Amino acid sequence: MLFENLRNVKKKWKVPALIVIIVLILGLLSSFAYLGSSFGSGTNTAATGTSIESLESQAKEAAKAADDSDDGETVIAASEAYYDLAVYQQLYNEGADAKESYQLMKNYAEKALDIYGSVETTDAQWQTAYLLLMQADAAGNDVESLRAHFADSLNVTVPSSDYLQTYANLLYTAEDYQAIVDDMNAAVAVLEPLATNEEETEEETAAEEEETTDDTATSTEETPSDVLATANQLITTAQSLLDDSGTSGAEGEE
């Protein structure tokens, strides 16, 4: 669909539009890597010759442990196991079974979120659970639930750049560019106050360090300002696609 839209773009916009598409492809590739590292083996099971029967057995064992557990990580393991199984079932065109596995994946992700709501939870744990839940939404083409879950996540976690990129890629797949703009603006509203506080803290720290030269270490940890830059870049890219789409539609009417 993106390449069909590209053919309708004016000649002077073809190069910028092509650049945007390349950026999207690279983003999708990075998100697959992020999903794989967060959720387990994923599609790598196909390359290693893992059988559906083996994955089904692993998922059932993980589910059995999760059903009797109040530990979030144990429940997340069950959600990840059903994710692996669902992806493998899709590869073999077992649509009905994959749909059932995605639903179980979603159920365990929701249980993990319930557990995380009553214990001390890190941003990474929140984001892993929400991404599992939203991946299941995307598999069922339920964009409304996908977006609602993202909005909920902003109430409990400070998003990372990877989290925002992975979420945006789910919406790119649905070609809902306006949703990307709107939801990234919601993330910006969360991040801007944090970035402002970060700048004020850095100024205070710099003033204190004028009196000493001993502390020369530089932190590589991602800051709210870094994530804010990612959110704004995602907005710019999605807005470009919206503008190109509008131009193409206007040319078609002419």
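Guide: The model is a predicted one. From the N terminus on, the elements of the protein chain run α-α-α-α-α-α-α-α-α-α-α, which comes to 11 helices and zero strands. Buried residues make up 40% of the 254 residues.

Visitor: Why are α8 and α9 called roughly antiparallel to each other?

Guide: Helix α8 (residues 143-153) and helix α9 (residues 161-173) pack at an angle of about 165°. Angles over 145 degrees count as roughly antiparallel, and α8 and α9 are therefore roughly antiparallel to each other. Their axes are 11 Å apart, and the crossing is left-handed.

Visitor: Which residues of α8 and α9 meet?

Guide: Val 143, Leu 146, Arg 147, Phe 150 and Ser 153 in α8 meet Tyr 163, Leu 164, Tyr 167, Leu 170 and Leu 171 in α9. By class, this contact has eight nonpolar, one polar and one charged residues.

Visitor: What makes α7 largely enclosed by the rest of the structure?

Guide: A residue is buried when its relative accessible area is under 20%. In α7, 12 of the 17 residues are buried, so the helix is largely enclosed. Among them are Trp 126, Tyr 130, Leu 131, Met 134 and Asp 137.

Visitor: How do you know that the span of α7 agrees with the 1.5 Å a residue?

Guide: The expected span is 1.5 Å times one less than the number of residues. For the 17 residues of α7 (residues 123-139) it should therefore be 24 Å, and the end C-alpha atoms are 24 Å apart, which agrees. Just after α7, Asn 141 takes a positive phi of about 55°.

Key:
Residues numbered from 1 in each chain as written. Predicted model: local features only at pLDDT ≥ 70, side-chain atom pairs only at ≥ 80, totals over all residues. Heavy atoms only, no water. Axes fitted to C-alpha atoms, helices over the stretch in contact; angles between N-to-C directions. Helix = DSSP H or I, 4+ residues; strand = E, 2+ residues; numbered from the N terminus. Parallel < 35°, antiparallel > 145°, perpendicular 65-115°, else oblique. Left-handed = near helix turned anticlockwise from the far one by under 90°. Contact = heavy atoms within 4.5 Å. Nonpolar A, V, L, I, M, F, W, Y, C, P; charged D, E, K, R; others polar. Buried < 20%, exposed > 50% of the residue type's maximum accessible area, 1.4 Å probe, protein only.
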